[in-house]
Amino acid sequence: MTRPARRERQVGHAGRVDLEFGGDVWHWRGPAPFHVVTVPEEESSQLHELSRSVTYGWGMIPVRARIGGARWTTSLFREDGRCVVPRS
């Protein structure tokens, strides 16, 4: 029996996944306001596949994010079928 080909993902050390993408920053107003970047569809799909092993409560995915020189720890969440990166 042959197994179907699997798409390989680049995984860093200790199970870390490094994704780089661009997007527009938008303001999510409530109930607690955040600035947010929506993850593109392809990367959101990759994260969704991986999320089953790392998610906690409501499908949140813990991450360390960086935009320019700003770095922070946050959690990705799903909005309209894609992941978003919040920054307060």
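Me: What percentage of the 88 residues in the protein is made up of buried residues?
Reply: This is a predicted model, in which local features need pLDDT of at least 70, side-chain atom pairs count only at pLDDT 80 or more, and totals for chains, interfaces and linings use all residues. Residues are numbered from 1 along each chain as its sequence is written, and side-chain values use heavy atoms, with hydrogens and water left out. A residue is buried under 20% relative accessible area, exposed over 50% and partly exposed in between, for a 1.4 Å probe and protein chains only. Among the 88 residues, the buried share is 23%.

Me: Which pattern does the protein follow along the sequence?
Reply: Helices (H or I, at least four residues) and strands (E, at least two) are DSSP runs, numbered from the N terminus. The protein has 1 helix and 5 strands. Read along the sequence, they give β-β-α-β-β-β.

Me: In which sense do E3 and E4 pair, and over how many bridges?
Reply: Two strands pair if DSSP finds at least two bridges between them. One of the bridges has Val63 with its partner Thr74 in E4. The two strands form a hairpin with 2 residues between them, and Gly68 in the turn has a positive phi of about 60°. The pairing of E3 and E4 is antiparallel, over 7 bridges.

Me: Which residue in E5 is the bridge partner of Arg78?
Reply: Strand E5 (residues 82-87) runs antiparallel to E4 and is joined to E4 by 3 bridges. E4 and E5 form a hairpin with 2 residues between them, where Asp80 in the turn has a positive phi of about 55°. The partner of Arg78 in E5 is Cys83.

Me: Why is the pair of Trp28 and Phe77 classed as it is?
Reply: Rings of Phe, Tyr and Trp (its six-membered ring) pair if their centres lie within 6.5 Å; planes under 30 degrees apart are stacked, over 60 edge-to-face, and the rest tilted. The whole structure holds 2 aromatic pairs. In the pair of Trp28 and Phe77, the ring centres are 6.2 Å apart and the planes are at 55°, so the pair is tilted.

Me: Is Phe77 buried or exposed?
Reply: Phe77 belongs to one aromatic cluster with Trp28 and Phe34. Trp28 has a relative accessible area of 27% and is therefore partly exposed. Because its relative accessibility is 18%, Phe77 counts as buried.
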